[in-house]
Amino acid sequence: MGEEGELAAEKHVRYIVTAEKKKDSFESLVMEHLRASGAYWGLTTLDLLHKLDAVDAAEVVDWIMSCYHPGSGGFGGNVGHDPHVLYTLSAVQVLCLFDRLDVLDADKIADYITGLQNEDGSFSGDIWGEVDTRFSYISICTLSLLHRLHKINVDKAVEYIVSCKNLDGGFGAMPGGESHAGQIFCCVGALAITGSLHHVDRDLLGWWLCERQCRDGGLNGRPEKLADVCYSW
């Protein structure tokens with residue numbers, strides 16, 4: 001924050017633009033595998049600050065497309081990395097920011113995601129089969145942005161998410177999993193996109209979320225944990 005509590009917007013812009021250029025730093029190397037998502041976070045911040053023109057749009061689009069796997073239809077987190085639904089969503093979101101969805105083979109990407117839906121309606125993150133409600137949200141969100149939601153079994157996807165709802169009103173990573181603010185965001189988001197919010201107990205879940213606020217004003221992700229700004233979001 002700047003003087004008198006005002007957001008130091010220009011400093012944030014410089015930080016984001018500079019961080020992108022430090023590709024040989026230790027921090028950059030240990031996060032190499034998730035650079036596509038990092039690009040989305042940084043570029044979204046610039047967009048919220050009305051500073052998206054601080055980067056070269058064509059350069060960003062070219063780099064995003066260099067992470068694409070035409071054989072599978074998915075995107076990796078960086079050039080040469082395996083495709084995953086998380087980085088596929090990040091790539092699509094970045095291209096949305098620049099209004100460049102025209103560079104994509106939307107049907108190919110949709111087929112990649114559709115192929116990762118399991119019999120019970122859940123989604124695997126990649127070919128290795130890890131299942132998590134985050135991947136349900138990611139898959140549904142990506143297909144919605146591409147106007148290809150009809151390609152999956154939406155009813156089964158919703159049914160699986162609802163099976164992850166707990167007695168406290170929250171949602172876990174899988175049926176019986178502990179309620180967690182991150183998973184709740186994903187599950188509620190997926191239900192919202194599919195027009196299925198009637199499955200949410202708004203009062204019970206709202207109370208659970210209110211209880212996440214700590215004495216310092218921040219919010220935690222689950223009981224007895226420290227506050228973190230990602231959970232405030």
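**Questions on Rings and Charges**

Reader: Why does F185 count as partly exposed?

Author: F185 has a relative accessibility of 37%. Buried means under 20% relative accessible area, exposed means over 50%, and partly exposed lies in between (1.4 Å probe, protein chains only). The value of 37% falls between these limits, so F185 counts as partly exposed. This is a predicted model, in which local features need pLDDT of at least 70 and side-chain atom pairs count only at pLDDT 80 or more, while totals for chains, interfaces and linings use all residues. Residues are numbered from 1 along each chain as its sequence is written, and side-chain values use heavy atoms, with hydrogens and water left out.

Reader: What makes Y137 buried?

Author: The relative accessible area of Y137 is 15%. This is under 20%, and therefore Y137 is buried.

Reader: How many aromatic pairs does the structure hold, and why is the pair of Y68 and F75 called tilted?

Author: There are 3 aromatic pairs. The ring centres of Y68 and F75 are 4.9 Å apart, and their planes stand at 45°. Rings of Phe, Tyr and Trp (its six-membered ring) pair if their centres lie within 6.5 Å; planes under 30 degrees apart count as stacked, over 60 as edge-to-face and the rest as tilted.

Reader: Why is the pair of Y137 and F185 called edge-to-face?

Author: The centres of these two rings are 5.5 Å apart, which is within 6.5 Å, and the planes at 65° are over 60 degrees apart, so the pair is edge-to-face. Y137 belongs to helix α7 and F185 to helix α9, 48 residues apart, and the pair links distant parts of the chain. Helices (H or I, at least four residues) are DSSP runs, numbered from the N terminus. Y137 and F185 also form one aromatic cluster with W233.

Reader: How do you know that R148 forms a salt bridge with D107?

Author: The closest N and O atoms of R148 and D107 are 2.8 Å apart. A salt bridge is a side-chain nitrogen of Lys or Arg within 4 Å of a carboxyl oxygen of Asp or Glu, and therefore the value of 2.8 Å qualifies.

Reader: What makes K151 and D107 a salt bridge?

Author: Their closest N and O atoms are 3.4 Å apart, which is within 4 Å, so K151 forms a salt bridge with D107. D107, D111, R148 and K151 are linked in a network of salt bridges.

Definitions and conventions: Helix = DSSP H or I, 4+ residues; strand = E, 2+ residues; numbered from the N terminus.
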